[in-house]
Amino acid sequence: MELIDYQDVEIRQHNDTVLRNVNLRIGQGEMVYLLGKVGSGKSTLMKTFYAELPIHSGQATFLGYDLPTIRTSQIPYLRRKIGVVFQDFQLLNDRTVEENLLFVLKATGWKDKQVMHNHVKDILGQVGMADKGYKMPYHLSGGEQQRVVIARALLNTPDVILADEPTGNLDWETGEDIMRLLYGIAQAGMTVIMSTHNHHWPEKFPGRMLEFSNGEIHERL
């Protein structure tokens, strides 16, 4: 099942063409790596997925939404189908791990407090953080914080996980633990699209490799 279909897409930022001739199809359960230098367009492409940046020309559908014609009122519904994992965590440091996740559930319409607490406990268990819900984010290691971020991304059972340099601020061993977790999520049937500078990850955790260079994307076979 295809979740993403881009045909002859051009993407601009500040009136400059960042990517052109983008032809891309991504299906369910794929592990996809976006590889390229800083400024090559990896994050720019991701921003079009959740409609932060518009499609300048071409045809583009993402999770059933036509991105060139998407209405502002539709964007929140599109974004609820996406889990985002940031390099710099972006956790709320004035509340516990559990409260961070409950905050997201409240913001996305969950009502029953007991159901919410049970769901948070289950998700934290899935990422190996079952006993850390009471902790403040700044009392966690970088790897633990990234596990919480992945838990947050999984809360609403998204169709796609977008991970933007998720191991960029982590040491090798911790980064490998995070990669093992993300790879397991893809193996379980959820699409994971990850930007990275680290060319070793695709060797250790195989997936499709999309190379960004000179304003274009080419699949590495």
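A pocket is an open set of grid points, placed where a 1.4 Å probe fits, with protein on both sides within 12 Å along at least five of seven lines, and its lining residues have an atom within 4 Å of such a point. The views below show a predicted model.

**View 1. The largest pocket is lined by 20 residues.** Among these lining residues, Arg79, Ile82, Val84, Val104 and Arg152 lie nearest the centre of the largest pocket. Two or more residues of the lining come from each of strand E6 (82–85), helix H3 and helix H5, and H3 supplies the largest share, with four residues. Sorted by class, the lining holds 11 nonpolar, five polar and four charged residues, and the volume of this largest pocket is about 610 Å³.

**View 2. The largest nonpolar core brings together 41 residues.** Within this core, the residues with the most contacts are Met31, Tyr33, Ile150, Leu154, Ile161, Leu182 and Met194. The elements that contribute two or more residues to the core are the strands E3 (31–35), E7 (160–164) and E8 (191–196), together with the helices H3 (97–107), H4 (113–126), H5 (142–154) and H6 (172–187). Of these elements, H6 gives the most, with seven residues.

**View 3. Tyr33 touches residues that lie well beyond four places away in the sequence, among them Met179 and Leu210.** Other contacts of Tyr33 include Met194, Thr196, Trp201, Pro202 and Phe205, and the list also takes in Pro206, Gly207, Arg208 and Met209. Both Tyr33 and its partner Met194 are among the residues with the most contacts inside the largest nonpolar core.

**View 4. Four strands form an open antiparallel sheet in the order E2-E1-E4-E5.** The edges of the sheet are strand E2 (16–27) and strand E5 (65–66), each of which pairs on one side only. In general, the strands of a sheet pair through backbone hydrogen bonds, either parallel or antiparallel.

**View 5. Arg12 is found in strand E1 (residues 2–13).** Arg12 counts as partly exposed because its relative accessible area is 33%, a value between the limits of 20% for buried and 50% for exposed. Beyond its neighbours up to four places away in sequence, Arg12 touches Thr17, Val18, Leu53 and His56. Arg12 and Leu92, by contrast, are 80 residues apart in sequence and 32 Å apart in space, from C-alpha to C-alpha.

**View 6. Lys132 lies in the loop between H4 and H5.** Is Lys132 buried or exposed? Lys132 is buried, because its relative accessible area of 16% falls under the cut-off of 20%. Leaving aside residues up to four places away in sequence, the contacts of Lys132 are Val97, Leu140 and Glu144.

Methods: Residues are numbered from 1 along each chain as its sequence is written. This is a predicted model: local features need pLDDT of at least 70, side-chain atom pairs count only at pLDDT 80 or more; totals for chains, interfaces and linings use all residues. Side-chain values use heavy atoms; hydrogens and water are left out. A nonpolar core is a set of buried Ala, Val, Leu, Ile, Met, Phe, Trp, Tyr and Cys residues joined through side-chain atoms within 4.5 Å. Buried means under 20% relative accessible area, exposed over 50%, partly exposed in between (1.4 Å probe, protein chains only). Contact means heavy atoms within 4.5 Å. On a 1 Å grid over the protein atoms alone, a cavity is a set of points where a 1.4 Å probe fits but cannot get out, and a pocket is an open set with protein on both sides within 12 Å along at least five of seven lines; lining residues have an atom within 4 Å of a point. Grid points are joined across faces, edges and corners, and a volume is the space filled by probe spheres set on the points. Ala, Val, Leu, Ile, Met, Phe, Trp, Tyr, Cys and Pro count as nonpolar, Asp, Glu, Lys and Arg as charged, and the others, Gly among them, as polar. Two strands pair if DSSP finds at least two bridges between them.
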